[in-house]
Amino acid sequence: MSTEALIALVCAWFVLVMNGPLWAAVRAGDGSLRVLLSLGVAVFALHALLFGLLCWGRLARPLLALLLVVTASAHWYMTRYAVVFDAEMIRNVLNTDMAESRELLSVRLILHIVLLGVLPAVLVLLTRPVRRTWRRALLVRGGFVLAMALLAGGALGASSQGVFTLVRRDPALRYKITPANYIVSLVNALKPSKKAGGPVVPVGTDARRPPEALARKPRLLVLVVGETVRGDHWGLNGYARQTTPELAARDAVNFPDTTACGTSTEVSLPCMFSPFGRERYDRDSIRNHESVLDVAARAGVRVLWRDNQSGCKGTCVRVSSHTMGPADAPALCSGGRCFDEILLAGLQREFDAAQGDALVVLHMLGNHGPNYFERYPPRFERWQPVCKTAELSRCSKQQIVNAYDNAILYTDAVLGQLVDLLAAQSGRDTAMLYVSDHGESLGEYGLYLHGAPYSIAPRAQLHVPMTLWMSPGFVADEGLDLACLRQAAKQPASHDALFSTVLGVFDVRTSVYRRDRDLLAGCRGR
């Protein structure tokens with residue numbers, strides 16, 4: 001069989017078998033048979049054109065076989081979780097650790113990949129290529145590429161108005177064209193940054209603390225970065241279920257209308273610690289500039305990062321950090337994962353070791369999906385029945401929500417323990433600020449998990465909880481008007497406030513501090 005015929009067959013397989021989400025979106029958005037057929041022919045021809053340019057010689061069949069297997073994997077996540085494969089999602093995939101990958105594996109996934117990817121790939125590899133002279137091969141391939149270009153142009157021209165109206169109406173449609181979606185996104189994700197390769201750009205080089213800040217009682221701020229907790233399931237935000245009884249009992253200040261900087265840890269974590277935030281979001285600039293951790297450390301604040309997740313995404317590389325594991329508390333760990341209580345193991349020793357002002361960041365595993373049921377000890381399974389599989393589409397909405405809410409209940413319990421630990425500190429003023437990195441879709445609109453492109457992301461992935469607890473000494477020393485702060489907390493907030501709020505807590509004076517972004521600034525009496 002000629003390579004051109006093989007390319008055509010593989011592309012037909014992609015169009016007919018691997019693009020179900022695309023055709024479902026087309027039917028929902030337009031419904032006309034003409035547009036559906038035109039787009040189908042165009043998708044076939046454009047893929048054939050692309051592979052006709054890429055697949056040559058002895059590498060043609062292995063490359064097509066690889067595409068079949070990878071596309072079968074992509075098809076699984078698109079159909080089961082409505083995953084959108086843009087550049088950020090590809091970066092998430094490339095930065096997924098083994099523990100995360102292991103949780104996503106299932107027998108059904110493997111069968112899916114074998115039947116729809118591996119078996120067709122084996123058939124491709126078993127075909128015997130037609131031998132041609134290089135001139136003849138070049139001529140045939142040139143004719144094939146030209147024919148596919150004309151076919152694509154003709155198909156799009158036949159229903160151009162309907163197709164382009166459909167694309168304008170649904171901006172996410174282009175991310176559903178498989179395998180072009182992940183191929184193009186992979187190229188964009190791997191594209192080297194124009195700003196990469198140089199030294200990290202310093203931020204707040206003028207950072208200092210005035211003499212009165214050095215003379216006052218030392219301050220300890222524990223900043224807890226939650227994982228995948230959506231704001232509308234946070235008890236303090238008025239959720240029907242009280243998922244945050246411990247925080248409610250400790251008189252925390254809650255910020256009910258908080259927006260995340262991104263829909264994934266890969267985006268949100270660097271962004272929320274940067275001076276750029278979502279307001280001036282630029283991925284390369286954020287990753288090539290120092291964060292608020294660097295500024296605080298430069299001003300003399302002791303900074304420590306403790307991680308129970310997949311790392312700090314480059315945010316903590318210039319400060320002291322520790323990844324928690326079985327060696328810290330064996331009873332809290334199994335299967336490569338640890339419950340978030342491990343973040344409190346040995347924390348008092350860290351507090352004792354800190355002299356003067358200190359900032360401790362705790363990065364939680366939180367509600368990391370899809371295995372919400374594995375994020376909490378059995379005693380926290382208050383709401384039942386729960387979804388106990390990574391294949392969320394096999395569970396009812398209520399089972400998913402029950403497991404998800406149980407995980408939040410456990411997070412609240414850990415935060416309650418942390419607040420009690422901070423309240424017991426003597427000789428320093430203490431505070432805890434909790435904020436989740438992004439939210440989560442639990443089946444709304446057919447979406448699961450997170451990572452949707454920011455421009456089209458549902459509120460469930462962007463609305464996050466943020467809660468602040470302060471010791472009486474901290475409130476008094478800051479001169480805070482709590483009634484003012486509780487009223488101000490009702491206003492919209494975002495991750496963009498984190499940078500200046502942290503600097504404000506430690507009285508750091510620097511040109512990059514923005515008073516309008518400091519959550520406490522408007523209610524300070526001093």
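The model is predicted, so to speak of local features a pLDDT of at least 70 is needed, side-chain atom pairs count only at pLDDT 80 or more, and totals for chains, interfaces and linings use all residues. Residues are numbered from 1 along each chain as its sequence is written, and side-chain values use heavy atoms, with hydrogens and water left out. Helices (H or I, at least four residues) and strands (E, at least two) are DSSP runs, numbered from the N terminus.

**The sheet and its strands**

- Eight strands form an open sheet with mixed pairing, in the order β4-β3-β7-β1-β8-β11-β2-β12; two strands pair if DSSP finds at least two bridges between them.
- The edges are held by β4 (320–323) and β12 (493–494), each with a single partner strand, so one side of each has no neighbour in the sheet.
- Helix α17 (residues 397–423) packs on this sheet and touches β1, β7, β8 (429–436) and β11 (463–470), and its direction makes about 165° with that of β8.
- Contact here means heavy atoms within 4.5 Å, and angles run from 0 to 180 degrees between N-to-C directions, with axes being lines fitted to C-alpha atoms, for helices over the stretch in contact.

**A closer look at β7**

- Strand β7 (residues 358–363) is largely enclosed by the rest of the structure, because six of its six residues are buried.
- Buried means under 20% relative accessible area, exposed over 50%, and partly exposed in between (1.4 Å probe, protein chains only).
- Ala358, Val360 and Leu362 point one way from β7, while Leu359, Val361 and His363 point the other way.
- In a regular strand, side chains alternate between the two faces of the sheet.
- Strand β1 (residues 219–226) pairs with β7 in the parallel sense over six bridges, and Leu223 has Val361 as its bridge partner in β7.
- Strand β3 (residues 302–307) also pairs with β7 in the parallel sense over six bridges, with Val303 opposite Leu359.

**Helices α3 and α8**

- The axes of α3 (residues 33–54) and α8 (residues 134–158) come within 8 Å and cross at roughly 155°.
- These two helices are therefore roughly antiparallel to each other; angles under 35 degrees count as roughly parallel, over 145 as roughly antiparallel, 65 to 115 as roughly perpendicular and the rest as oblique.
- Among the contact residues are Val41, Phe44 and Leu49 of α3, together with Phe144, Met148 and Leu151 of α8.
- By class, the contact of α3 with α8 has 18 nonpolar, two polar and two charged residues.
- Ala, Val, Leu, Ile, Met, Phe, Trp, Tyr, Cys and Pro count as nonpolar, Asp, Glu, Lys and Arg as charged, and the others, Gly among them, as polar.

**Helix α2**

- In α2 (residues 20–29), the buried residues are Pro21, Leu22, Trp23, Ala25 and Val26.
- Their cover includes α1 (3–17), α3, α4 (60–81) and α9 (160–169).

**Backbone spots to look up**

- The peptide bond from Thr178 to Pro179 is cis, with omega near 10°, and Pro179 sits in the loop between α9 and α10 (180–190).
- Another cis peptide bond runs from Gly369 to Pro370, with omega near 5°; Pro370 lies in the loop between β7 and α17.
- Ala82, in the loop between α4 and α5 (87–94), has a positive phi of about 55° although it is not a glycine.
- Lys313, in the loop between β3 and β4, has a positive phi of about 55° although it is not a glycine.
- Ala82 is partly exposed, with a relative accessible area of 21%, whereas Lys313 is buried at 16%.
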